[in-house]
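Let's take a walk through this structure together. Have a look at it first, and then we'll go from one spot to the next.

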Amino acid sequence: MSQAVVALDVGGTGMKCALVRPDGTVHHEERHPTRAERGPAAVTENILEIAESLAGKARADGLTPVAAGIAVPGVVDEVTGVAVWSSNVGFRDVPLRDLARQRLGMPAALGHDVRVGALAEARLGAGRGRRHVLFVAIGTGIAAGLVVDGSGYSGAHGAAGELGHVVVRPGGTPCGCGLRGCLEAETSAKSIGRKYAELSGEPGATAFDVATRAAAGEELARKVWQDAVEALADGLLTAQALYDVGVIVLGGGLAEAGDDLLQPVRAALAQRVTFHRPPEIVRAELGDTAGCLGAALLALDTLEEAQ
Ligand SMILES: [Zn+2]
């Protein structure tokens, strides 16, 4: 009988869930609201219920559910399977992996949403065939995942990849983390929209508006966009000095701007490189399903390790 893994990507507002075959193809997809306002215990119970129901769906479709993978935001200890801390879902030391194992009666894995997204882009998406891949997700926040030879790097405390909190503009815009001038405070989709809104006096302007208007030649939008691009290039240069990757994959909402983002970022990075070997900079291919596919890959890896 064919096998499938249960995969969930839990975000601050929604959960992307799927049944994925061992070759990475998706058999079934569904989405649910996270409803984080109900508190971490209720969210945890909801995750387990959805995972159980997906396993049931697999069986009903003639597939054998063999493992589960769950991706969550925040600080995630992949080794112990604990969701250590999350500002937007509210997790504090939730042993999600073991809870899923017990509830489902099958092997389970827990991963960090952006780091498993990196895994998916590296193995199935824009980083296919490359040995050293850095995935940078730029949305409300900014985070990165380093993948070497198909394996993700999570750090000693489950907190690797916080590229968003590399200071690129000392003394600059205050960041939610307590520092000033973090990459995230200068270049996230949220901060681009906010800066433009402040300068234009037009409340509610988004990064998408800024990208569109900059492309149409509007002076203020071009300036805000270019400032963000320059800050991003500074952050990526630091990342390249540290990791020397072959390819940087840009994902998240801001990457929807496509060449309006990629081309100026490539140019700004090219201006900055000195001793560095410049990486290729490409757009992510898997969109917002990267986290869910990555959770599935983590589940499949767990099975391989058990054999
Ligand atoms: Zn910060």
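**A metal site, some charged pairs and a pocket**

Start at the zinc ion, which is coordinated by His 165 (ND1), Cys 175 (SG), Cys 177 (SG) and Cys 182 (SG), at 2.0 to 2.3 Å. Donors here are N, O and S atoms within 2.8 Å of the metal (3.2 Å for Na, K and Ca), and water is not among the atoms, so sites may look incomplete. Before we go on, keep in mind that this is a predicted model: local features need pLDDT of at least 70, side-chain atom pairs count only at pLDDT 80 or more, and totals for chains, interfaces and linings use all residues. Residues are numbered from 1 along each chain as its sequence is written, and side-chain values use heavy atoms, with hydrogens and water left out.

Back to the zinc ion: the angles among its 4 donor atoms run from 104 to 121 degrees, and the site is tetrahedral (for four donors, that takes all angles between 85 and 135 degrees). Along the sequence, the donor residues follow the spacing H-x9-C-x1-C-x4-C. His 165 and Cys 182 both sit in the loop between β11 (151-152) and α4 (183-187), so this pair ties together parts that are 17 residues apart in sequence. The helices (H or I, at least four residues) and strands (E, at least two) are DSSP runs, numbered from the N terminus. His 165 is partly exposed at 26% relative accessibility, while Cys 182 is buried at 0%. Buried means under 20% relative accessible area, exposed over 50%, and partly exposed in between (1.4 Å probe, protein chains only).

Now for the charged pairs. How many salt bridges does a search of the whole structure find? It turns up 18, each being a side-chain nitrogen of Lys or Arg within 4 Å of a carboxyl oxygen of Asp or Glu. One of them pairs Arg 103 with Glu 52, with the closest N and O atoms 3.2 Å apart. Arg 103 lies in helix α2 (residues 96-104) and Glu 52 in helix α1 (residues 40-60), so they link parts that are 51 residues apart in sequence.

Another salt bridge joins Arg 130 and Glu 280, whose closest N and O atoms are 3.0 Å apart. Here the loop between α3 (113-123) and β9 (132-138) holds Arg 130 and strand β13 (residues 280-283) holds Glu 280, so the pair ties together parts 150 residues apart in sequence. Arg 130 is partly exposed at 33%, and Glu 280 is partly exposed at 42%.

Then there's Glu 230, which meets Arg 272 in a salt bridge (2.7 Å, N to O). Glu 230 is in helix α7 (residues 219-243) and Arg 272 in helix α8 (residues 259-272), so this contact bridges 42 residues of sequence. Salt bridges that share partners join Arg 169, Glu 230, Asp 234 and Arg 272 into one network. Arg 272 counts as buried, at 18% relative accessibility, whereas Glu 230 is partly exposed at 22%.

Last stop: the second largest pocket. It's lined by 21 residues, and Glu 78, Leu 110, Leu 298, Asp 301 and Glu 305 lie nearest its centre. At least two lining residues come from each of α2, β8 (108-112), α3, β11 and α9 (290-306). A pocket, on a 1 Å grid over the protein atoms alone, is an open set of points where a 1.4 Å probe fits, with protein on both sides within 12 Å along at least five of seven lines; lining residues have an atom within 4 Å of a point.

Note on methods. Tetrahedral: all angles 85-135°; square planar, octahedral: opposite > 155°, others 65-115°.
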